[in-house]
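Hi everyone, thanks for coming. I'd like to walk you through a structure that may be new to you, so please have a look at it with me.

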Amino acid sequence: MKNAICCFLVLFFAFLVNVAFITESNALERTKLWPNMCASCHDGTTAISKDAIREKFQTVDAFTKAVLKKGGRCMNILKNDEDLIRKVAIEIGLKE
Ligand code: HEC
């Protein structure tokens with residue numbers, strides 16, 4: 001009987017760890033800003049690609065300024081959120 005309880009507890013905790021892990025990886029997916037918000041246009045055909053952007057704007061500040069001042073008109077919806085743009089800059093590997 002003791003064994004059965006033990007076994008149940010072990011399984012239960014394994015289940016909890018699993019749930020925590022799955023929740024965590026979904027959160028990671030959600031923080032992928034570039035693929036969700038920029039990649040569809042910035043594919044190198046419709047607009048300048050991620051690699052070209054990284055070459056052209058090497059710091060978070062230069063990049064943020066470019067998005068706010070030069071980004072296409074279709075990007076207006078993104079331009080009121082400087083924090084978001086900074087997060088994207090860090091996500092694609094630009095330096096502070
Ligand atoms: C609806 C399409 C679209 C989306 C979505 C979009 N862009 Fe753009 N972006 C453009 C276009 C079009 C231009 C202007 C290209 C040009 O003038 O040559 C541009 C220009 C830029 C520029 C300036 C490039 C340069 O050469 O000066 C940057 C930086 C930029 N976008 C970053 C972003 C970031 C970061 C995101 C996501 C948060 C994003 N864009 C989302 C279409 C888009």
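Let me start with a definition: helices (H or I, at least four residues) and strands (E, at least two) are DSSP runs, numbered from the N terminus. Counted that way, the chain has five helices and zero strands, and its pattern along the sequence reads α-α-α-α-α. Two notes before we go on. Residues are numbered from 1 along each chain as its sequence is written. And this is a predicted model, where local features need pLDDT of at least 70, side-chain atom pairs count only at pLDDT 80 or more, and totals for chains, interfaces and linings use all residues.

Now the ligand. A residue is near a molecule if its C-beta atom, placed from the backbone, lies within 6 Å of it. The ligand is surrounded by 19 residues, and the closest are Cys38, Cys41, Ala47, Gly72 and Cys74. Which helices each supply at least two residues of that shell? They are α2 (33-38), α3 (50-56), α4 (60-69) and α5 (82-91). The largest share, three residues, comes from α4. By type, the shell holds 14 nonpolar, three polar and two charged residues; here Ala, Val, Leu, Ile, Met, Phe, Trp, Tyr, Cys and Pro count as nonpolar, Asp, Glu, Lys and Arg as charged, and the others, Gly among them, as polar.

Next, please look at α4 together with α5. These two helices pack at an angle of about 130 degrees, with axes 9 Å apart. Axes are lines fitted to C-alpha atoms, for helices over the stretch in contact, and angles run from 0 to 180 degrees between N-to-C directions. The pair is therefore oblique: angles under 35 degrees count as roughly parallel, over 145 as roughly antiparallel, 65 to 115 as roughly perpendicular and the rest as oblique. On the α4 side, the contact is made by Val60, Phe63, Thr64, Val67 and Leu68, and on the α5 side by Glu82, Ile85, Arg86, Ala89 and Ile90. Contact here means C-beta atoms, placed from the backbone, within 7 Å. Those contact residues divide into seven nonpolar, one polar and two charged.

Of the chain's 96 residues, 8% count as buried.

Note on methods. Contact = placed C-beta atoms within 7 Å. Buried ≥ 20, exposed ≤ 12 C-beta atoms within 10 Å, placed from the backbone.
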